[in-house]
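Hi everyone, thanks for making time.

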Amino acid sequence: MHDIRFIRENPDFFDERLRSRGLAPLSAELISLDDRRKHAVSELQAALERRNSTSREIGQAKAARDEDRAQRLMTEVADLKERVPQLEEAERMAGLELEQALEVIPNLPKPDVPVGTDETGNVERHRFGTPRPLTSPREHFEIGESLGLMDFEAASKLSGSRFVVLRGALARLERALGQFMIDLHTQEHGYTEIAPPLLVRDEIPYGTGNLPKAAEDMFRTREGLWLIPTAEVPLTNLVRESILAEDALPMRFVALTPCFRSEAGAAGRDTRGMLRQHQFWKCELVSVTTPESSADEHERMLSCAEDVLKRLELPFRTVTLCTGDMGFASAKTYDIEVWLPGQGTYREISSCSVCTDFQARRMNARYRPRDSKGPRFVHTLNGSGVAVGRALIAVLENYLDEDSSVTVPSALIPYMGGLRRIERNS
């Protein structure tokens with residue numbers, strides 16, 4: 001959520017940053033809405049003040065036995081009593097109209113974010129590892145089905161498209177990857193493990209910016225609760241409606257959870273395999289910090305996510321997303337893309353974003369600086385540490401052997417009960 005006071009004071013900067021996202025200037029429209037809200041507030045306050053003063057004047061008129069004046073004042077008070085609810089409703093509607101206009105405007109990109117219209121404008125930052133030459137690279141679903149351990153037909157009978165049933169060693173590999181990630185982030189990277197609810201109320205995805213813009217990409221129950229599309233949603237909201245001590249920052253949370261997405265905007269994309277599913281596991285990182293330290297925290301979070309792929313010895317590249325490819329709440333995003341030999345390209349496996357105070361304003365999450373000045377909004381960050389299903393895909397494709405078996409990465413052997421090779425029906 002944007003601060004209307006900032007927009008009023010910096011209209012040209014606000015519009016310029018919106019243009020970098022490919023959006024039309026909005027400052028004039030928003031300021032006009034705010035003017036209407038302010039006018040409604042002023043009218044209401046004036047009416048309330050007049051009602052109060054008139055009530056006092058009635059007593060004075062009666063004390064002076066001026067019945068005519070008292071009667072005129074009583075008529076005015078009666079009129080004001082009728083008018084005040086109307087003015088209160090006008091004020092509420094003006095405030096709601098401004099809020100609804102603000103809540104659908106994405107965060108402003110930081111000045112150092114590359115300007116572009118889509119993923120072609122993303123800028124590569126660095127690479128790690130060299131893809132291993134494979135005689136016959138294959139896609140993960142071909143490998144999984146040939147092993148007899150990845151069953152899309154059974155999943156379709158159970159749930160429809162974009163689901164999978166993993167069996168035996170592949171089911172264990174998925175569990176091993178998630179456990180490896182959560183252990184790494186809690187034991188070596190300093191994150192606190194959280195087991196959050198998977199069903200949340202409206203205000204929770206609203207706080208992170210998923211509502212109202214991304215409602216179509218989420219699942220909702222009959223009772224009105226939302227299935228989380230990512231653990232970022234409940235983790236970030238742990239600090240909602242609170243004032244934290246500066247000494248408590250940064251807060252770093254991690255969770256390994258299922259995630260649920262309708263993929264409404266992905267029709268026809270990645271329809272085969274596990275790349276884009278309605279249900280998947282992800283290890284999510286969230287940080288809450290001060291404005292002064294959020295840029296450094298962003299770099300730290302990126303290194304923590306990259307460390308997962310380095311330990312698994314998976315080749316990857318990291319890119320800075322351009323303004324046209326960033327998420328709604330992000331002010332700057334790094335994507336980590338893992339090498340997939342079966343596709344012969346790099347695919348996203350993690351996004352690490354700094355959201356500045358955009359989410360904090362929606363959640364009313366603040367901290368009290370050490371200098372005892374008034375509370376300030378925190379900065380929030382989130383990143384995948386990493387997507388478990390896509391890590392499984394990358395392991396299958398990068399560790400494929402000539403005999404169609406799959407070598408288990410050394411970092412995962414302890415989590416696989418010592419199993420070093422996945423073979424058919426293992």
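**Starting from one glutamate**

Okay, so let's begin with E246: leaving aside residues up to four places away in sequence, E246 touches T290, Y367, R368, P369 and R370. Keep in mind that this is a predicted model.

Where does E246 sit? You'll find E246 in the loop that links β7 (242-245) to β8 (251-260). And is E246 buried or exposed? E246 counts as buried, because its relative accessibility is 17% and the cut-off for buried is under 20%.

Y367 has R376 in β14 as its bridge partner. Strand β13, residues 365-368, runs antiparallel to β14, and two bridges join them.

The largest has 56 residues, and the members that touch the most others are M150, L173, L177, M181 and I422. Several elements supply at least two residues each, including α5 (140-147), β9 (279-289) and α12 (388-398). Which helix gives the most? That's α7, with nine residues.

Take L173 as an example: not counting residues up to four places away in sequence, L173 touches L392, V395, L396, L412, M416 and I422. There's also a second, separate core of 21 residues, with I4, L33, A101 and I228 among them.

That's my tour, thanks!

Terms used: Residues are numbered from 1 along each chain as its sequence is written. This is a predicted model: local features need pLDDT of at least 70, side-chain atom pairs count only at pLDDT 80 or more; totals for chains, interfaces and linings use all residues. Side-chain values use heavy atoms; hydrogens and water are left out. Helices (H or I, at least four residues) and strands (E, at least two) are DSSP runs, numbered from the N terminus. Buried means under 20% relative accessible area, exposed over 50%, partly exposed in between (1.4 Å probe, protein chains only). Contact means heavy atoms within 4.5 Å. A nonpolar core is a set of buried Ala, Val, Leu, Ile, Met, Phe, Trp, Tyr and Cys residues joined through side-chain atoms within 4.5 Å. Two strands pair if DSSP finds at least two bridges between them.
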